Amino acid sequence: RDSSTSRGLGDVYKRQMLHTIAKRYDVSLKGLPLIGDSLRDLQAGFVVGCAPYLVLTGKGEKTREKGGLPPGTTSYPNLAAVVDHLLKAPALNYAV
């Protein structure tokens, strides 16, 4: 399914779930890493302000091949590689 479908840009449920998490933990979603292997997950995170990270495990390779990734999406071979990258990056303040 591509982003032109009615569920494009991540579905409403996924976006609402992200807003619920942010409210529960009193954090802003802006710039918060969102790691996934599906286009819908990455789109939902991007729409609410998260930084999208694609892992190439699971559905990730196919997701990358299909294209249409949100702007700024970075790809990593697996979750451990993303975590290593994030731990080496300058600390960000995710609080509201």
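Helices (H or I, at least four residues) and strands (E, at least two) are DSSP runs, numbered from the N terminus.

Overview. The model is predicted: local features need pLDDT of at least 70, side-chain atom pairs count only at pLDDT 80 or more, and totals for chains, interfaces and linings use all residues. Residues are numbered from 1 along each chain as its sequence is written, and side-chain values use heavy atoms, with hydrogens and water left out. The chain has 4 helices and 3 strands. Of its 96 residues, 31% count as buried, where buried means under 20% relative accessible area, exposed over 50%, and partly exposed in between (1.4 Å probe, protein chains only).

**Close-up 1. Helix H1 (residues 12–25) packs with helix H2 (residues 39–47).** The angle is about 50 degrees and the axes are 9 Å apart; axes are lines fitted to C-alpha atoms, for helices over the stretch in contact, and angles run from 0 to 180 degrees between N-to-C directions. H1 and H2 are therefore oblique to each other, given that angles under 35 degrees count as roughly parallel, over 145 as roughly antiparallel, 65 to 115 as roughly perpendicular and the rest as oblique.

**Close-up 2. Residues of H1 and H2 meet in contact (heavy atoms within 4.5 Å).** H1 contributes Lys14, Arg15 and Leu18, whereas H2 contributes Arg40, Asp41, Ala44, Gly45 and Val47. These residues divide into 3 nonpolar, 1 polar and 4 charged; Ala, Val, Leu, Ile, Met, Phe, Trp, Tyr, Cys and Pro count as nonpolar, Asp, Glu, Lys and Arg as charged, and the others, Gly among them, as polar.

**Close-up 3. A salt bridge joins Lys14 and Asp41.** A salt bridge is a side-chain nitrogen of Lys or Arg within 4 Å of a carboxyl oxygen of Asp or Glu, and the structure holds 2 of them. In the pair Lys14 and Asp41, the closest N and O atoms are 2.8 Å apart. The pair links distant parts of the chain, with Lys14 in helix H1 and Asp41 in helix H2, 27 residues apart. Lys14 is buried, at a relative accessible area of 18%, while Asp41 is partly exposed at 24%.

Close-up 4. Glu61 is partly exposed, with 34% relative accessibility, and Arg64 is partly exposed, with a relative accessible area of 39%.
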